[in-house]
Amino acid sequence: MNPTAPTISELIAQERRLTLPHFGYDDAYAVGGLLVSMARTRHAPVAIDIRRGAQQLFHAALPGSSADNDAWIDRKRRVVERYGESSYLVGTRFRAKGTTFEDSSRLDPDLYAAHGGSFPIAVEGAGVIGSVTVSGLPQADDHALVVEALEQFATTIAG
């Protein structure tokens, strides 16, 4: 994939554009299945996690992924839970200030990672209710894969 790094405004626009009308169990399965299919087609060695609140609704590990990817998922997801924004946006905001998340957030880097790949699930009228996270590729690619899947899903449920 190798996308160019998106700007803060582009990342904010993605989140606004991908606010969904609803997100339940079947939706998690649909997004998860879409991500698995996309990753398999691209031979991407990723792990995928979808949560609503504290409940894990979907998890898959593809060939080439490892338990390290699950640990990265947890760390990136915690950033979304804490900030209500994508892990990539949070890290990009720190870099734009001339620092890093690790140096300036005052959060334990063993528990939090502001690296691309975890994206908030936002529902109209409810705000952020969960996250979709991918780990196993470079951070820009993890992020882009999640966004691409959510865009396809949003198009499907829109009509």
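Biologist: How many salt bridges does a search of the whole structure find, and what makes a pair count as one?
Modeller: The search of the whole structure finds seven, and a pair counts when a side-chain nitrogen of Lys or Arg lies within 4 Å of a carboxyl oxygen of Asp or Glu. This is a predicted model, in which local features need pLDDT of at least 70 and side-chain atom pairs count only at pLDDT 80 or more, while totals for chains, interfaces and linings use all residues. Residues are numbered from 1 along each chain as its sequence is written, and side-chain values use heavy atoms, with hydrogens and water left out.

Biologist: Why is the pair R42 and E148 called a salt bridge?
Modeller: The closest N and O atoms of R42 and E148 are 2.7 Å apart, and that value is within the 4 Å limit, so the pair qualifies. The elements are DSSP runs numbered from the N terminus (helices are H or I with at least four residues, strands are E with at least two).

Biologist: Are R42 and E148 buried or exposed, or in between?
Modeller: R42 has a relative accessibility of 35% and therefore counts as partly exposed, and E148, at 25%, is likewise partly exposed. The classes are set with a 1.4 Å probe on protein chains only (buried is under 20% relative accessible area, exposed is over 50%, and partly exposed is in between).

Biologist: What makes K76 and D142 a salt bridge, and how do you know whether K76 is buried or exposed?
Modeller: The N to O distance between the side chains of K76 and D142 is 3.0 Å, which is within the limit already given, so the pair is a salt bridge. K76 belongs to helix 3 and D142 to helix 6, 66 residues apart, so that this pair too links distant parts of the chain. K76, at 2% relative accessibility, counts as buried, and D142 is buried with a relative accessible area of 2%.

Biologist: What can be said of S135, and which residues does S135 touch?
Modeller: S135 lies in strand 4 (residues 127-135) and is buried, its relative accessible area being 3%. Apart from residues up to four places away in sequence, S135 touches P45, V46, A47, N69, W72, I73, K76 and D142, where touching means heavy atoms within 4.5 Å.

Biologist: Why is the approach of S135 to N69 called a polar contact?
Modeller: The side chains of S135 and N69 are joined at 3.2 Å, and the cut-off is a pair of N or O atoms within 3.5 Å (within protein, one must be able to donate a hydrogen and the other to accept it, and residues adjacent in sequence count only if both atoms are side-chain atoms).

Biologist: What makes helix 3 and helix 4 roughly perpendicular?
Modeller: The axes of helix 3 (residues 67-83) and helix 4 (residues 87-96) come within 8 Å and cross at roughly 80°, which makes the two helices roughly perpendicular. The axes are lines fitted to C-alpha atoms over the stretch in contact, with angles running from 0 to 180 degrees between N-to-C directions, and the classes are roughly parallel under 35 degrees, roughly antiparallel over 145, roughly perpendicular from 65 to 115, and oblique for the rest. K76, V79, V80 and Y83 of helix 3 meet S87, V90 and F94 of helix 4 in this contact.

Biologist: How do you know that helix 4 is mostly covered?
Modeller: Seven of the ten residues of helix 4 are buried, namely S87, Y88, L89, V90, G91, T92 and F94. These buried residues pack against helix 1 (8-17), helix 3, helix 5 (101-104), strand 3 (118-123) and helix 6.

Biologist: And what of S86, buried or exposed?
Modeller: S86, in the loop between helix 3 and helix 4, has 0% relative accessibility and therefore counts as buried. The side chain of S86 reaches the backbone nitrogen of L89 at 3.0 Å.
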